[in-house]
Amino acid sequence: MSHLRKFLSFATVRFTTALLTKAFLTTALLITALSISTALLAGCAQSDPNTTVSSVNASPTTLYQALGGDSGVSAIVDGLLARIARDPRIVHHFDETDIAIFRERLIEHLCAVTDGGCVYQGENMADSHKGLNITQADFDALVGHLIESMKELHISTSSRNALLKRLAPMYSDVTSQ
C-alpha cells in the first residue's frame, strides 16, 4: 500500500471517527438539552399548584399591599373623608379645599408612604398645612377617623399601626403652623 493510500485510509478513519465523535457529542447535547427542558417543564407543571397556593397564602410584601393596594387605600381615604365631613370639630379646615384633588393627593401620598410605588406630586406637609392652625386635638380627631376607616375595612392591627408609625413623623409639619 502506498503512503498515499495509507495516509488516505488513516485520514478517512480519523475523519470518520471525528465525525462520529462530533455526531455523538451533538446527540448527547441534544439529549441533555431535552432532558433539562423536560425536567424544567415538569417542574413548572408540578409547581403551578404550589405557586397558586403559596401566592394565595403569601404575606403582602409591602404595607401598601397589606392595606389592599390601590382599591384598599382608596377605600381607606373615602372612609376618612366621609368621617371628616360628619365631624364639626375639623370639617371647617376643608372649607376651601377641592376635595377631589385632596382625595387624589392623599391616595397618592399614602401609596408613596407605604411603598406602593407611587410618586407623590403634592406639596410637602409643612407647606400644605401652613396657616391652617391645626391643633393637636384636630390632628388626633383625624387620626381617629383614619383608624376607624381602616377598622371598617378589616385592616389588621399590625398594618394600621405600621401606617400610623409612618405618618407620625409628619405631626410637627401638620400642626400649629
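In which hand does α3 pass α6 in their crossing? The crossing is right-handed, that is, the near helix is turned clockwise from the far one by less than a right angle.

This is a predicted model, in which local features need pLDDT of at least 70, side-chain atom pairs count only at pLDDT 80 or more, and totals for chains, interfaces and linings use all residues. Residues are numbered from 1 along each chain as its sequence is written, and side-chain values use heavy atoms, without hydrogens and water.

The chain has 8 helices and 0 strands; these are DSSP runs numbered from the N terminus, helices being H or I of at least four residues and strands E of at least two.

Helix α3 covers residues 69–85 and packs on α6 at about 130°, with the axes 8 Å apart. Axes are lines fitted to C-alpha atoms over the stretch in contact, and angles run from 0 to 180 degrees between N-to-C directions.

From α3, the contact (heavy atoms within 4.5 Å) includes Ile84, and from α6 it includes Leu142 and His145.

Now consider serine 149, in helix α6, residues 136–152. Serine 149 is buried, with a relative accessible area of 1%; buried means under 20%, with a 1.4 Å probe and protein chains only. Beyond its neighbours within four places in sequence, serine 149 touches Ala75, Ile76, Gly79, Leu80 and Arg83.

How values were computed
Buried means under 20% relative accessible area, exposed over 50%, partly exposed in between (1.4 Å probe, protein chains only).
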